[in-house]
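Me: I am new to this structure and would like to learn how to read its features. Could we take them one at a time?

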Amino acid sequence: MRQAVSMVARLGFRLQQLPSVLSRQLSCAQDVLRRTPLYDLHLAHGGKMVEFAGWSLPVQYRDSHVDSHLHTRQHCSLFDVSHMLQTKILGSDRVKLMESIVVGDIAELEPNQGTLSLFTNEAGGILDDLIVTNTSEGYLYVVSNAGCCDKDLALMQNKVREFQNKGSDVGLEVMDNALLALQGPTAAQVLQAGVADDLRKLPFMSSAVMEVFGVSGCRVTRCGYTGEDGVEISVPAAGAVHLATALLENPEVKLAGLAARDSLRLEAGLCLYGKDIDERTTPVEGSLGWTLGKRRRAAMDFPGAKVIVPQLKSKVQRRRVGLMCEGAPMRAHSPILSTEGAVIGTVTSGCPSPCLKKNVAMGYVPYEYSQPGTLLLVEVRRKQQMAMVSKMPFVPRNYYTLK
């Protein structure tokens, strides 16, 4: 395990930057390392397992992290993301309940359509980012970050009790499904061989329940966190190994671990909760103002609206930006300086980009320094080097939309 950790550090990744994980029980804190249903499969394929927030998860496999990253961009990779928290919000008042704790317009979602949204607090800070899908089966399917399991569950459970005490029809169910992400330009082609549904009719952020390679009751959602086309498959735990094995029989598919997942999402300009956004960050500061539904902005009826909505029309004090530089890779916590040498911000995530052969990062700077093309300095290993504010994503996203 120490070898795996040191190897990732040499590549410019720190394990604490990778997505946190959860327990699939109501209490997420465990003294014993938890295992996903694919644990033995990971070992059989040379997975380098690391202790990660209470779970034993693969950081990479026999292939190098860079090879896994590039394979995902060129073919497709299978990620075990079963650590993510999956819940169902039930009852006829489920939309009202969800809209009382997120910023998005959940009522406008079509059947089986999903959206990225945010839990926020009354100060406007982001409690977590999540995906909410309005299923045709009569419930909201919610996937949220593993590291926020305890507070997310507490938030939703408390709100359920509050609504129930007022006579509302709501309920919550924690799912114990595994979650597999098949990501890359050939993902749909690979998956199509195992499903009867026409995946050409399943655009980005939509989902359907279907049988997948003989495993019934799978929810397939056209989404992912790599910037590539792909799907996340919520599969009954008992069928997870069968499904993963069937997918891996196709030579297009290789397993990929936490290290590749982190560099892929960073190239795609996607935030990591706890690093790039947190309770001290508003959606506008985090360049996530687009998650605010128009109706919700007008009604100002979500937590923190009195702080967040005015920021949409003003110049906030700081903004999340992309950065690119040559030389040594930028690291989380690296100071960002003006060209005059004054510290003006901090890097939140950074790594060498396997696709661009340049160093990429995210960080926060004052609004007046946030325009693409702005030259700045970043302090790396006590040395200052030039960096430029860059548009994100660093690598174009390839989500599938209906033509």
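This is a predicted model: local features need pLDDT of at least 70, side-chain atom pairs count only at pLDDT 80 or more; totals for chains, interfaces and linings use all residues.

Me: How are the rings of Phe204 and Tyr399 arranged towards each other?

Reply: A pair of aromatic rings is described by the distance of the centres and the angle of the planes. Here the centres of the Phe204 and Tyr399 rings are 4.0 Å apart and the planes lie at 5 degrees; planes under 30 degrees apart count as stacked, so this pair is stacked.

Me: Where in the chain do Phe204 and Tyr399 lie?

Reply: Phe204 is in the loop between helix 6 and strand 10, while Tyr399 is in the segment after strand 19 (383-390). The pair therefore ties together parts that are 195 residues apart in sequence.

Me: What is the relative accessible area of Phe204, and what is that of Tyr399?

Reply: Phe204 has 29% and is partly exposed. Tyr399 has 25% and is partly exposed as well.

Me: How many salt bridges are there?

Reply: Side chains of opposite charge can pair when their charged atoms come close. The count in this model comes to 16 salt bridges. One of them joins Arg73 to Glu267, with the closest N and O atoms 3.0 Å apart.

Me: Which helices hold Arg73 and Glu267?

Reply: Arg73 sits in helix 3 (residues 65-74) and Glu267 in helix 8, so this bridge ties together parts that are 194 residues apart in sequence. Arg73 and Glu267 are also part of a network of salt bridges that includes Glu228.

Me: Is Glu267 buried or exposed?

Reply: The cut-off for buried is under 20% relative accessible area. Glu267 has 0%, so it is buried. Arg73 is buried too. Leaving out residues up to four places away in sequence, Glu267 touches His69, Arg73, Ser353, Pro354, Cys355, Leu356, Pro393, Phe394 and Val395.

Me: Which residue meets Asp278 in a salt bridge?

Reply: Its partner is Arg280, at 2.9 Å from N to O. Asp278 is buried, with a relative accessible area of 14%, whereas Arg280 is exposed at 68%. Another bridge links Arg200 and Asp198, with 3.0 Å between the closest N and O atoms. In that pair Arg200 is exposed at 60% and Asp198 is partly exposed at 27%.

Me: Which residues touch the most other members of the largest nonpolar core?

Reply: That core has 30 residues, and Leu78, Leu182, Leu191 and Val235 touch the most other members. Several elements each supply at least two residues, among them strand 3 (76-80), strand 9 (178-183), helix 6 (187-192) and strand 12 (230-235). The largest share, five residues, comes from helix 7. Apart from this core lies another, of 20 residues, including Leu97, Met98, Phe119 and Leu140.

Me: What is Val235 in contact with?

Reply: Setting aside neighbours within four places in sequence, Val235 is in contact with Asn177, Ala178, Leu180, Val215, Cys218, Ala240 and Leu243.

Me: Which residues make the nonpolar surface patch of about 280 Å²?

Reply: The patch is made by Leu375, Met386 and Met388. Leu375 lies in strand 18 (residues 375-380) and counts as partly exposed, at 44% relative accessibility.

Methods. Residues are numbered from 1 along each chain as its sequence is written. Side-chain values use heavy atoms; hydrogens and water are left out. A nonpolar core is a set of buried Ala, Val, Leu, Ile, Met, Phe, Trp, Tyr and Cys residues joined through side-chain atoms within 4.5 Å. Buried means under 20% relative accessible area, exposed over 50%, partly exposed in between (1.4 Å probe, protein chains only). Helices (H or I, at least four residues) and strands (E, at least two) are DSSP runs, numbered from the N terminus. Contact means heavy atoms within 4.5 Å. Patches are made of residues with over 30% relative accessible area and no salt bridge: like charges are joined within 9 Å, nonpolar side chains (Val, Leu, Ile, Met, Phe, Trp, Tyr) within 5 Å. Accessible areas come from the Shrake-Rupley method with a 1.4 Å probe; for residues, only the protein chains shown count as cover. A salt bridge is a side-chain nitrogen of Lys or Arg within 4 Å of a carboxyl oxygen of Asp or Glu. Rings of Phe, Tyr and Trp (its six-membered ring) pair if their centres lie within 6.5 Å; planes under 30 degrees apart count as stacked, over 60 as edge-to-face and the rest as tilted.
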